[in-house]
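Me: I'd like to go through this model with you, one question at a time. Could you keep the definitions handy as we go?

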Amino acid sequence: MTRRRIAYVSPLNPRASGVSDYSEELLPSLGELVDVELFVDGYVPSNPDIRARFAVHDLADLATLDAEGRYDLIVYQMGNNLHHARIYQTLIRHPGVVVLHDVVLHHLFVDLADRFKDPSPYLRELAFGGRVDGLAVGRAVLRGERPPPFFEYPLIERTVRASLGVVVHSEYARRQVSEAGPRRIAVVPAHVQAPPKLSSSNRLAGRSELGLPADAVVVGAFGYATPAKRLDVALRAFARLRQVAPIARFLIVGEVSPTGWLDPLLAELGPGDAVRLTGPVDFDRFQRYIQATDLCVNLR
């Protein structure tokens, strides 16, 4: 039987996105079922195993290759940051199945307007949903008169309606997406590859390598660090914890976006070296930080 061939469009490392890690975990298993060719936006994937196993094309070539009848299906991995901007622009023109990792894409369009000083894509998305006040709201945001209404206007309507089908990771996401347009929706829980368990001695050695106290309570927040993850709440709680556990540590492992949004809070709390912002790290080091952590916090 002829194997199906899919075009797989996703960020991959070195793009600092959780979706990059998701795809790199998923692809070896997916490749056992179908032939997969990868499309990336103007860079070379840094994972040598991915490069060795899969053909890699530039996203600009997708339309030409698809027009030749090369693929049975295009699969897009769609998230809510600038790493997905070209993916969004492509899926609108060349429909496929969209794996929607976020049920809010509003942040992406705000960031696009800020990055390129062009408000028109943001305003178009606000108008597309059919809300009569969308343009007025968008203009007020762009003038700095109000914060972006991220969750009131999720801005997923065009993505959903352009797709052949949508994959989400929870029943909650399915309900949210079903309001955005009449499309086939499948719930596929996100796979999780847990770090291997460590012996006590190896865990202590890992903490030493990372410069963490052996006997400290270590709290971690992992992935793209945005205001939506409510790190302000977590850090205020951590400040109370330090009153009874002064050597406690809080790790923020991943890119902080927008840059500097945590600075006023850190200055207010004055945690000194108790809070560590690592910035983007490679996947192995990401896993080592998880292994060193007593408690992970995600208040998204």
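Predicted model: local features only at pLDDT ≥ 70, side-chain atom pairs only at ≥ 80, totals over all residues.

Me: What share of the residues of the protein chain count as buried?
Reply: Buried means under 20% relative accessible area, exposed over 50%, and partly exposed in between (1.4 Å probe, protein chains only). Of the 300 residues, the share that counts as buried is 44%.

Me: How far apart do the centres of the positive and negative side chains lie?
Reply: Lys and Arg count as positive and Asp and Glu as negative, with His and the chain ends not counted; each charge is placed at NZ of Lys, CZ of Arg, CG of Asp or CD of Glu. There are 35 positive and 34 negative side chains, and the centres of the two sets are separated by 3 Å.

**Aromatic pairs**

Me: How many aromatic pairs are there?
Reply: Rings of Phe, Tyr and Trp (its six-membered ring) pair if their centres lie within 6.5 Å; planes under 30 degrees apart are stacked, over 60 edge-to-face and the rest tilted. By this rule the count is five.

Me: Which geometry do Tyr88 and Phe109 have?
Reply: Tyr88 sits in helix H4 (residues 85-93) and Phe109 in helix H5 (residues 106-116), so the pair ties together parts 21 residues apart in sequence. Tyr88 is buried at 8% relative accessible area, and Phe109 is buried at 1%. Their ring centres are 5.1 Å apart with planes at 80°, so the pair is edge-to-face.

Me: Which residues form a cluster through ring pairs?
Reply: Phe222 and Phe286 have ring centres 5.5 Å apart and planes at 75°, so they are edge-to-face. That pair joins strand S8 (residues 218-222) to helix H13 (residues 283-291), 64 residues apart, and both Phe222 and Phe286 are buried. The cluster linked by ring pairs is Phe222, Phe283 and Phe286.

**Loops and backbone**

Me: Which residues outside its sequence neighbourhood is His169 in contact with?
Reply: His169 lies in the loop between strand S6 (165-168) and helix H9 (171-178). Contact means heavy atoms within 4.5 Å. Leaving aside neighbours within four places in sequence, the partners of His169 are Tyr22, Val99, His101, Val187, Val188, Pro189 and Ala190.

Me: Where is the cis peptide bond that ends at Pro14, and what is its omega?
Reply: Pro14 lies in the loop between strand S1 (5-9) and helix H1 (18-33). The cis bond runs from Asn13 to Pro14, with omega near 25°.

Me: Is Leu155 buried or exposed?
Reply: Leu155 is not a glycine, yet has a positive phi of about 60°. Leu155 lies in the loop between helix H7 (134-142) and helix H8 (157-162). At 0% relative accessibility, Leu155 counts as buried.

Terms used:
Residues numbered from 1 in each chain as written. Heavy atoms only, no water. Helix = DSSP H or I, 4+ residues; strand = E, 2+ residues; numbered from the N terminus.
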